[in-house]
Amino acid sequence: MCGIIAAASERNVSELLVKGLHKMEYRGYDSAGLALHQENDITHLKALGKVSLLEEKLKSENPSSTLGIAHTRWATHGEPSEKNAHPHKSNERIYIVHNGIIENHLELKIFLEEEGYQINSETDSEVIGHLLDYFLNQRNNILDSIYLTKEKLDGAYAIAVLDIKDGENIYLARSKSPLLIGKGNNENFAASDPLAIGKLANEFIFLEDDDVAVISKSTIQIYDATKQSIQRKITEIDSEYQTTSKGEYKHFMEKEIYEQPQAILNTLDGRVGGDDVRDDIFGIGSSELFKKVKRIQIVACGTSLHAGRVASNWLSAIAGIPTQVDYASEYRYRNPHVDEDSLLVTISQSGETADTIAALRYGKEKDYLSTTTICNVPTSSLARESDFFLYTNAGPEIGVASTKAFTTQLTGLMLLVLSLAKSRKMNPKLRKRIITALRKLPEKIEEALELKQQIIKIAPEIAKKENALFLGRGIFYPISKEGALKLKEISYIHAEAYPAGELKHGPLALIDENMPVIALAPESEIVEKLVSNLEEVKARGGMLYVFSDTSIKMDLSSGKFINMPECDFLLKPILYTIPLQILAYEVALLRGTEIDQPRNLAKSVTVE
Ligand code: M6R
């Protein structure tokens, strides 16, 4: 993970770099650092902890520089510490920041030590600077040294390099980790994410794998894998996408929960017309291609995977298409069989999740009919590399815990179901019913958000516990998994989810008065069976919190019923997500955890 940023300008760039790091803290926040070029010297600052600590150091030193690189870290190799923070330097000459993982760093360390280099950190990144220095000492110029270094590196990287002997240029290289250049007015920038430099530049160039680039305040040169000078496409990015303020809310997560009605409206905007979805909403030619699809393979990670699991139920029940769902991190290692006429679907908020990108690239080498992604970042690697793409248009999601990205993914997935069902013999009444329900969904979500006061009352009981169990059946099982993920991620309470019928096959042993059990019990053909499962919990003293829109004949000695708004059954998984997000948020608030940036995590997981 990690975020890197670089700037070459006429003005002092130190504050710009730190501001950019703040915007990329979602990528990691255990330490930060920068290197600023000053005549024949470099100001090199590092701080353990968040970017604000680096900012304090910077204020007290107050350096001025027109050329610099900076980094915010999410530790992969080596604990969070100043020693392991970037930039790493070599021979008091070369300073580098790196995002990614150098897989062969151990063997490179042995090589470098034999060549007389002292390794000063536990990171995989440090070797990059020493390799560059090694090749420079062999009388290569810096560009050639970068290519020679690249030949030695296995793994993923986005790198920015500052050379003390060069007061004009910053050198960049990428392979598998995102890196883009932003063109400003007499200044140029590079960063892992356009968010970091969005206010400084409005034209962006996304470097491709194996590109090397050199930026100065007035020039941008890009070279491809064979060292040929090359032009890459210039992209303009909507400045609205850059809005990242908390407004009246305490946390981004809270703001993002309450933004969901509008976010879903945005996902639906322009995609639904009359009683059906419009043609080609996944891109030109998608409707024609979807007619041929006989099977679907979904790959994703974390919350996005849960969205995929809900969608697999919809795809087979509504569109009659058998669907398999895999963890992106596992998919390519199980030697999957690809059926003829299968569509590969990836789902991702960021579009930069390394495992999901790797699964897409793996899939593109197989016999898939086509690839489609549902994603919240139109400029992301997944969006660019997939044949078809639906932009969820949820707006930037800053809180590490995914909320509006999930419900908009589910909305987008229902649009996929309808698009696929279009050419099949879907009952028109069913189609109309789903479209009507989708149109009403934002107002249903508003109603679910009003459950906040009831949830605030139960949060203190759960906040005191160290474990929690989430139960759901059928399509609500992935929603209970999402509820458990939200709770554990931001409150650090250990939480598990089970299909309720599985309880008696083991987990029931965990139930006593210290185990809160959160159950999703919407009106359905199996609600009676679920109630029997809940009786088993009650009989063993478990505290039950039951979210339901039907009258359940059961007395709760401890716990509570929470009445859910009514909604079309097919969209209830989206609705039932809302109180679970609020519950996790309110519990975490009581426990005083870092809600937007939970420990050990990062928003965009760009390492495998
Ligand atoms: O950006 P992506 O949707 O690909 O990210 C996948 C997961 O890392 C992400 O959903 C993660 O599980 C969330 N932090 C959960 O809230």
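Tyr 249 is partly exposed, because its relative accessibility is 25%; the term covers the range between buried, under 20% relative accessible area, and exposed, over 50%, with a 1.4 Å probe and protein chains only. Tyr 258 is also partly exposed, at 22% relative accessibility. This is a predicted model, in which local features need pLDDT of at least 70, side-chain atom pairs count only at pLDDT 80 or more, and totals for chains, interfaces and linings use all residues. Residues are numbered from 1 along each chain as its sequence is written, and side-chain values use heavy atoms, with hydrogens and water left out.

Rings of Phe, Tyr and Trp (its six-membered ring) pair if their centres lie within 6.5 Å; planes under 30 degrees apart are stacked, over 60 edge-to-face, and the rest tilted. Phe 111 belongs to helix 3 (residues 105–114) and Tyr 134 to helix 4 (residues 126–137), so the pair ties together parts 23 residues apart in sequence. Helices here are DSSP runs of H or I, at least four residues, numbered from the N terminus. Tyr 134 is buried, because its relative accessibility is 13%. The rings of Tyr 249 and Tyr 258 have centres 6.0 Å apart and planes at 10°, so this pair is stacked.

Phe 111, Tyr 134 and Phe 135 make up one aromatic cluster.

A charge sits over a ring if NZ of Lys or CZ of Arg is within 6 Å of the ring centre and within 35 degrees of the ring normal.

| Charged residue | Ring | Distance from ring centre |
|---|---|---|
| Lys 152 | Phe 111 | 4.3 Å |
| Arg 309 | Tyr 327 | 5.5 Å |

Methods: Helix = DSSP H or I, 4+ residues; strand = E, 2+ residues; numbered from the N terminus.
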